[in-house]
Amino acid sequence: MSSYGVFAQYYDSLTQNAEYKVRSEFISGFFNSENKSDYHILDIACGTGTVAKYLSDMGYSVSGLDISEEMLSVASSKLRAPLYKSDMRDFDFNKSFDACICTLDSLNHLENTEDWQRCFESVYKSLKKDGLFIFDVNTVYKHNEILADNTFVFDTDECFLCWDNELIESGKVRIILDFFIPIDEDRNAYQRFNEDFIEQAFEIEEITAMLENFEILGIYDDMSKNAPHDKSERIYFICKRK
């Protein structure tokens, strides 16, 4: 099994503090829909599909997109919805959506402004006129001060995870995940898997400049209608296709 396969397998148990239900309800509060089943949403970088599942349970018509076959495999076990394997920087559909969402700092996995803009262009092409684009991002503050060069440890019934961060430069963090999976019931031996990736954060002004094809309806601190502050760790952008 690949290391990313391991990540997908244990992703849900390691992100239980993400408040998926509350997050999904917060996002849905921005949708303009009289008939939810006719309101089509594309969940970009949908991962294991938890947000998509909650939105689908609310009655919305949801599709998911992710580059990882392992993540999509987990998502397919949760919900009946169209799921597509595709790069978030370059996707195209033969239909348009009422809304596109991208949650839980998925955009931060794109390492430069060119990649962010490619994603935004794909979103623009996939939205109906006046369609909504809702996404959240980790802030520069979070990368510099919270993740930084710190290490976090997660010990669950299923696995042991060492989450090691390396601050490369302001806003850019290398995240190294070491999974230790028990291979017997008594946990006398473990199998180790490794995954590493880079997350890039940008200042609000830089992100705003990349959204030239969108009208920005609001920029909020995480799951609130409050303005971001200097210690915000996650912020939401609520945008509309021009």
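Two rings of Phe, Tyr or Trp count as an aromatic pair if their centres lie within 6.5 Å. This is a predicted model. A search of the whole structure turns up 19 such aromatic pairs.

Start with Phe30 and Tyr220. Their rings sit 6.1 Å apart, centre to centre, with 20 degrees between the planes. The pair is stacked, because planes under 30 degrees apart count that way. Now look at where the two residues lie. Phe30 is in the loop between α2 (20-28) and β1 (40-44), while Tyr220 belongs to strand β10 (residues 214-221). The pair therefore ties together parts that are 190 residues apart in sequence. Phe30 has a relative accessible area of 14%, so Phe30 is buried. Tyr220 is buried too, at 17% relative accessibility.

Next, find Phe154 and Trp163. This aromatic pair is tilted, with 6.1 Å between the centres and 50 degrees between the planes. Phe154 is partly exposed, at 31% relative accessibility. Trp163 is also partly exposed, at 22%.

Aromatic residues can also gather in a group. Trp116, Phe120, Tyr124, Phe133, Phe135, Phe202, Phe214 and Phe237 form one aromatic cluster. The charged end of Arg241 sits over the ring of Tyr124, 3.9 Å from the ring centre.

Now turn to the charges. Side chains of opposite charge can pair when their charged atoms come close. The count here comes to 15 salt bridges. One of them joins Arg89 and Asp115, at 3.4 Å from N to O. Arg89 lies in the loop between β3 (83-85) and β4 (97-102), and Asp115 lies in helix α5 (residues 113-126). Arg89 is partly exposed, with a relative accessible area of 26%. Asp115 is buried, at 11%.

Lys129 and Asp130 form one, with their closest N and O atoms 3.5 Å apart. Lys129 is exposed, at 66% relative accessibility, whereas Asp130 is partly exposed, at 40%. Arg174 and Glu166 form another, and here the closest N and O atoms are 3.3 Å apart. Arg174 is partly exposed at 26%, and Glu166 is partly exposed at 35%.

Key
Residues numbered from 1 in each chain as written. Predicted model: local features only at pLDDT ≥ 70, side-chain atom pairs only at ≥ 80, totals over all residues. Heavy atoms only, no water. Phe/Tyr/Trp six-rings, centres within 6.5 Å; stacked < 30°, edge-to-face > 60°. Helix = DSSP H or I, 4+ residues; strand = E, 2+ residues; numbered from the N terminus. Buried < 20%, exposed > 50% of the residue type's maximum accessible area, 1.4 Å probe, protein only. Lys NZ or Arg CZ within 6 Å of the ring centre and 35° of its normal. Salt bridge = Lys/Arg side-chain N within 4 Å of Asp/Glu carboxyl O.
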